[in-house]
Amino acid sequence: MPAIETHALSRRFEGGIVAVAGIDLEVADGEIYAFLGPNGAGKTTTVRMLTTLLKPTGGTALVAGADVAKDPSAVRRAIGVALQEAALDPLMTGRELMVLQSTLHALPREEGERRSSALLERVGLTQAADRRIGTYSGGMRRRLDLATALVHDPKVLFLDEPTTGLDPVSRRAIWEEVEKLNREGTTVFLTTQYLEEADQLADRVGIIDNGSMAAEGTPRELKAQVGRPHLELVVAGGPAERAREVLGRFGESLPARDGLLMVSLEGGAGQVAAIVRALDDSGLTVESLKLVEPTLDDVFVEKTGRHLEGAEQKPAEADAAP
Amino acid sequence: MSGVRLASNARVIAILGRRSVRQAFRRPQFLAPILLFPTLFLAINTGGAGRATQIPSFPPVHGFLDFQLAGAMLQSTMLAGVSGSIALAMDIEIGFIDRLFAAPIPRWTIVVGRLTATATLGVLSGAWFLTIGLVFGAHIEGGVAGALVIVLLVALNAAAFGALGAALALKSGSPSVAQGIFPLVFVILFLSSAYFPRNLLLEPAKTIADWNPMSLIAEGLRDPVIYGLSWSALGKGLGGIAIVMAIGAAWSASAMRRRLRTG
């Protein structure tokens with residue numbers, strides 16, 4: 001049974017605005033699935049429907065085998081949710097919030113306290129557990145939010161833009177924790193607008209744009225749809241013609257620029273070593289070499305005709321933007 | 001409802017109530033309207049208009065403070081409702097309410113948890129004003145039993161106004177809208193018998209006060225102080241509170257349904 005399954009899931013708001021326009025999804029048990037798209041694409045609306053915070057206006061959705069519209073209580077018992085903005089009360093302490101969350105999930109008091117302490121330690125917040133959340137950094141808040149979502153050991157974990165606004169170190173800490181949780185068997189459904197996050201974390205990626213699925217697959221499959229990797233080289237020790245002739249044995253030679261030779265790798269990145277050896281055998285020396293692979297942004301451009309917002313920025317650069 | 005579910009819901013209400021009470025103590029701007037403002041108002045009214053008791057037909061009191069205590073307690077509980085409303089609206093604004101909505105708990109426990117906190121603050125308010133009254137020479141004709149009835153009525157009244165406040169917060173989702181009704185509290189109070197006897201009000205204030213449920217509540221709180229305990233006083237107080245609670249509960253339920261529908 002899939003962890004998440006939707007058929008023609010849609011949401012229309014008052015005034016006729018269609019935020020999600022008939023999405024079909026299937027997320028396998030134990031998978032990390034990333035929902036990638038720009039702001040306003042419909043990611044959060046989809047997550048809110050899957051977590052029973054918003055009723056669908058069309059289609060069906062099953063989470064952990066329960067229908068979000070017909071049996072929302074069963075869905076809520078099975079899921080953990082860490083929402084965008086890390087909805088935390090700044091006046092509470094981390095430990096108070098953990099205990100509150102364990103009570104909301106009907107854990108007996110002793111078990112709730114034990115789980116709270118264990119999870120606070122897991123996310124590195126034991127020292128700060130009795131401080132008010134208002135004094136926490138952004139990264140600490142996200143880690144606490146993640147810990148609260150895990151207090152009842154959920155089958156499916158929803159993370160809505162879990163690293164937006166975080167510095168690279170905090171981002172890396174969240175990624176490691178998500179990977180660890182997934183290795184322990186938790187299915188993870190995360191939304192993100194960061195290509196790198198989807199690329200690094202997800203087993204499969206769904207690209208959403210204007211409320212519809214634009215593409216879906218593993219990061220490798222998606223990138224393969226828009227082209228093969230190519231190699232950029234600077235070669236010395238002989239004429240460029242000889243170098244082109246050697247490179248041509250491995251793939252289509254692409255137009256050179258500024259002394260760079262470029263070749264499309266028909267057989268994928270595994271050909272790099274063979275190319276270097278072949279050039280060496282022909283008496284040519286490779287001075288520099290760069291493997292350029294298609295990115296998920298290339299996929300986004302291919303499928304939607306435009307770049308993903310902020311795709312040119314590294315996440316840390318995005319953080320620095322006002 | 002099974003015993004296990006009942007116990008689980010009671011735990012949820014208790015922990016949400018405890019959180020809200022802590023919130024009030026950790027954010028002084030939530031507590032000040034409940035205790036500080038009505039205390040200042042009481043001091044100013046009692047000090048400045050003390051000779052009002054000499055007006056013919058004024059109820060038989062030992063001093064104007066005896067009469068004014070009910071108004072102060074009523075004002076305090078109404079402002080407790082406003083504070084609760086602001087706090088709930090802030091929970092909606094920062095998204096904390098989504099944490100509660102995504103949990104496997106009945107939605108009504110979220111509102112009842114907050115009302116429990118408001119009622120607890122009502123107990124504090126009742127005890128505070130009775131203590132102040134006794135320290136400054138008020139006579140409570142109903143004795144200890146009368147004082148306990150007053151505290152009970154104040155707590156219930158706080159919960160009733162908490163329900164109205166919760167409805168407003170759920171409907172608007174905006175702390176500034178909730179804060180905006182602050183002045184309305186005073187208008188409603190002045191158009192009741194909270195600060196002055198109904199029989200001495202001029203028209204149309206008197207007619208409005210006759211129909212204003214705040215008058216029933218004010219008199220329900222005042223009678224144990226100036227006349228002693230009676231079923232009619234208790235009935236008036238509970239009747240007025242029931243009207244406010246019924247409106248608040250119905251409006252809250254409707255606002256909650258709408259919020260859940262529209263997300």
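Visitor: A residue is buried if 20 or more other C-beta atoms, placed from the backbone, lie within 10 Å of its own, exposed if 12 or fewer, and partly exposed in between. What percentage of chain A is buried?

Guide: Of the 322 residues in chain A, 45% are buried. This is a predicted model, in which local features need pLDDT of at least 70 and side-chain atom pairs count only at pLDDT 80 or more, while totals for chains, interfaces and linings use all residues. Residues are numbered from 1 along each chain as its sequence is written, and chains are lettered from A and ligands numbered from 1 in the order in which they are written.

Visitor: How many helices and strands does chain A have?

Guide: Chain A has twelve helices and 14 strands; both are DSSP runs numbered from the N terminus, helices being H or I of at least four residues and strands E of at least two. Along the principal axes, the C-alpha atoms of chain A fill a box of roughly 75 × 45 × 40 Å.

Visitor: Which domains are assigned?

Guide: Chain A is split into domain 1 (4-223) and domain 2 (228-292), with bounds from an automatic or database domain assignment. Their C-alpha centres lie 44 Å apart.

Visitor: OK, sheets. What is the order in the one with six strands?

Guide: That open sheet of chain A runs β6-β7-β8-β3-β9-β10, with mixed pairing; two strands pair if DSSP finds at least two bridges between them. β6 (79-82) and β10 (212-217) of chain A are the edge strands, each pairing on one side only. From one strand to the next the twist averages 15°.

Visitor: How does β9 meet β10 in chain A?

Guide: β9 (residues 204-209) and β10 of chain A pair in the antiparallel sense over five bridges. Ile208(A) has Met213(A) in β10(A) as its bridge partner.

Visitor: Which helices lie on that sheet?

Guide: Helix α6 (residues 168-183) of chain A packs on the sheet and touches β3, β7 and β8 of chain A, its direction making about 150° with that of β8(A). Helix α1 (residues 43-50) of chain A lies across β3 (32-36), β7 (156-160), β8 and β9 of chain A, at about 150° to β7(A). Axes are lines fitted to C-alpha atoms, for helices over the stretch in contact, and angles run from 0 to 180 degrees between N-to-C directions.

Visitor: Where is Val188(A), and what does it touch?

Guide: Val188(A) is in strand β8 (residues 187-192) of chain A. Leaving out residues up to four places away in sequence, Val188(A) touches Ile32(A), Leu157(A), Leu159(A), Val178(A), Leu181(A) and Asn182(A); contact requires C-beta atoms, placed from the backbone, within 7 Å.

Visitor: Is Val188(A) buried or exposed?

Guide: Val188(A) counts as buried because it has 24 C-beta neighbours inside 10 Å.

Visitor: Now the sheet of four strands. What is its order?

Guide: The order is β2-β1-β4-β5 in chain A, an open sheet with antiparallel pairing. β2 (18-27) and β5 (66-67) of chain A stand at the edges with a single partner strand each, so one side of each has no neighbour in the sheet. Seven bridges join β1 (residues 4-12) of chain A to β2(A) in the antiparallel sense, and Arg11(A) has Val20(A) in β2(A) as its bridge partner.

Visitor: Which residues does Ile4(A) touch?

Guide: Ile4(A), in β1 of chain A, touches Leu25(A), Val27(A), Leu50(A), Val63(A), Val156(A) and Phe189(A), not counting residues up to four places away in sequence. With 22 C-beta neighbours inside 10 Å, Ile4(A) counts as buried.

Visitor: And β13 of chain A: which face is covered?

Guide: In β13 (residues 260-264) of chain A, Leu261(A) and Val263(A) form the covered face, while Leu260(A), Met262(A) and Ser264(A) form the uncovered one. In a regular strand, side chains alternate between the two faces of the sheet. β13(A) runs antiparallel to β11 (residues 230-236) of chain A, joined by four bridges, and Leu233(A) stands opposite Leu261(A).

Visitor: Last one: how many residues of chain B are in contact with chain A?

Guide: 21 residues of chain B are in contact with 21 residues of chain A. On the chain B side, α1 (3-26) and α4 (96-101) of chain B are the elements giving two or more residues; α1(B) gives the largest share, seven residues. That side divides into ten nonpolar, four polar and seven charged residues, where Ala, Val, Leu, Ile, Met, Phe, Trp, Tyr, Cys and Pro count as nonpolar, Asp, Glu, Lys and Arg as charged, and the others, Gly among them, as polar.

Terms used: Contact = placed C-beta atoms within 7 Å.
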